[in-house]
Amino acid sequence: MQYLTYPVILVALYAGYAPFHPVSVVILALVSMLALMSARRAAMKDEPHRLGASMILDGIYLFAGQALIMFASYLLGWFMANRVTLTAA
């Protein structure tokens with residue numbers, strides 16, 4: 001299940017390359033978060049020192065991390081499409 005997020009990252013790269021709306025980053029982050037949520041919950045329950053951890057805060061943290069990953073991939077695709085260079089003329 002954890003490998004399902006890699007195609008979602010590639011979709012975010014394509015979304016940046018093609019002129020998709022930036023809201024697609026949030027949608028792809030939600031899809032990726034839902035794919036990882038059950039495995040993350042099981043991992044949290046197996047660790048005895050994390051028994052009092054808040055699932056809501058962990059979900060927010062997971063979504064924020066996935067949103068950053070999707071935005072970086074989207075931005076990389078946007079730079080590839082627009083061929084932005086830093087050379088001086």
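How many helices and how many strands does the secondary structure of the protein chain come to?

View 1. Welcome to a predicted model, whose protein chain has three helices and zero strands. Follow the sequence along and you will read the pattern α-α-α. Of the 89 residues in the chain, 26% are buried. The accessible surface comes to about 6500 Å², and carbon and sulfur atoms account for 73% of that surface. Take the contacts between residues at least 6 apart in sequence: 75% of them join residues at least 24 apart.

**View 2. Helix H2 against helix H3.** Two packed helices are described by the angle between their axes and the distance between the axes. Here, H2 spans residues 23–46 and H3 spans residues 55–82. The two pack at an angle of about 135 degrees, and their axes lie 8 Å apart. That angle is why H2 counts as oblique to H3. As for handedness, H2 and H3 make a right-handed crossing. Sorted by class, the residues in this contact are 17 nonpolar, four polar and four charged.

**View 3. A closer look at Thr 5.** Thr 5 sits in helix H1, which covers residues 5–17. Is this residue buried or exposed? Its relative accessibility is 8%, so Thr 5 counts as buried, the cut-off being under 20%. Setting aside neighbours within four places in sequence, you will find Thr 5 in contact with Ser 32, Ala 35 and Leu 36.

Technical notes. Residues are numbered from 1 along each chain as its sequence is written. This is a predicted model: local features need pLDDT of at least 70, side-chain atom pairs count only at pLDDT 80 or more; totals for chains, interfaces and linings use all residues. Side-chain values use heavy atoms; hydrogens and water are left out. Axes are lines fitted to C-alpha atoms, for helices over the stretch in contact, and angles run from 0 to 180 degrees between N-to-C directions. Helices (H or I, at least four residues) and strands (E, at least two) are DSSP runs, numbered from the N terminus. Angles under 35 degrees count as roughly parallel, over 145 as roughly antiparallel, 65 to 115 as roughly perpendicular and the rest as oblique. A crossing is left-handed if the near helix is turned anticlockwise from the far one by less than a right angle, and right-handed if clockwise. Ala, Val, Leu, Ile, Met, Phe, Trp, Tyr, Cys and Pro count as nonpolar, Asp, Glu, Lys and Arg as charged, and the others, Gly among them, as polar. Buried means under 20% relative accessible area, exposed over 50%, partly exposed in between (1.4 Å probe, protein chains only). Contact means heavy atoms within 4.5 Å. Accessible areas come from the Shrake-Rupley method with a 1.4 Å probe; for residues, only the protein chains shown count as cover.
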